[in-house]
Amino acid sequence: MGLEFDSFTLAASTTDLSEEPAAREFADAIEFRMDLASEPLAALEAYDERVASTPDSVPILATNRAAWEGGEAADDGRLETLAAAARFDAVEAIDIELESLRAGATAATDARKAARERDVSVVVSAHDFEATPRAVEMRETLTEACEYGDVGKLAVTAADREDALAVLTVTHQLTAAGHDVATMAMGEAGSHTRAVAPVYGSRIGYAPVVPERATAPGQYDLETLAELVERLQAASPSAA
C-alpha cells in the first residue's frame, strides 16, 4: 500500500537514511533525496532490511531530482534508478518531474508504471526557482500534474506577500475541485506558506532532518514545521 496522502503528510528530507530515527517523532514519511546520496539503491536495500525488524520506521518518498529541476542527478539513468527504488518495500511513493512526463520520455513513463505495479503512490512535481507564475498558470500546472499522479506538487519562488497569497488561493481552489496537491512558496517571502498551505489543503510538507542541510530555500526545521501545522490545523477544524 502506497502513501495515500488523504491528509497532510510531513516528509522529512534527508540524503542519509541512517538519520531516519531522528525524524520518527515528527515525520510521516522520509523524503530520500537519491540525487544527493552516493549509493542510493544500496541505502534503500539496507533500509528495507532495517524496517523488517523496526516496525515503527517511517515510509519513504523517493526523489531523484534532475539537475534542471534543482537537483544534482544527471539525466542518464536517473529515472531508471527511480523506477528501481519503487521496488523496495519501504518506498511507498516516488516523485517524478512533470516535465519528464510531459515530454513523453519512456523512462518517465516506465518509472510511473513501475510505481503503479507496486501500488506505490506517484507525486508529480514542478518547480520555479525564479518567480511565482500567474495564478492561471499555476492552476494549469497543478491540474496537469494531478492527471499524471496521485498528488500534483508545485513549488514556486515568492517575491512578496502577493505571491504567497496567490499560491494559497490556488491551493484552495484545486483542493475544492477535488484535486490532491502539495504547494509551497520558496524564499523568505513565502516561507510561511509551508505552514499555512496545509490549512488550505496542501497534502505534503517538507522539512530537513538536519536543519543545516535544507534542500530548498525557506524550509523550517522539522520540529518547528510539525508544531506550526498542528497548531494551525487545530485552529482551523474545517481544514483538510
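I looked up the largest nonpolar core of this predicted model and found 43 residues. A nonpolar core is a set of buried Ala, Val, Leu, Ile, Met, Phe, Trp, Tyr and Cys residues joined through side-chain atoms within 4.5 Å. Buried means under 20% relative accessible area, exposed over 50%, and partly exposed in between (1.4 Å probe, protein chains only). The residues with the most contacts inside the core are Ile30, Leu44, Ile60, Ala62, Ile94 and Ile96. Helix H5 gives the largest share of this core, 5 residues. Another core, of 14 residues, lies apart from it and includes Leu61 and Met186.

Because the model is predicted, local features need pLDDT of at least 70 and side-chain atom pairs pLDDT 80 or more, while totals for chains, interfaces and linings use all residues.

I then turned to H5. Helices (H or I, at least four residues) and strands (E, at least two) are DSSP runs, numbered from the N terminus. The buried residues of H5 are Ala107, Ala108, Ala111, Ala114 and Ala115. They lie on the same side of H5, because they cover an arc of only 125° around the axis, taken from the directions from the helix axis to the C-beta atoms. Thr106, Lys113 and Glu117 are exposed on the face turned away from that side.

Last, I checked what covers the buried residues of H5: helix H3 and strand E5 are among the elements. Just after H5, Asp119 has a positive phi of about 60°.

How values were computed:
Residues numbered from 1 in each chain as written. Heavy atoms only, no water. Contact = heavy atoms within 4.5 Å.
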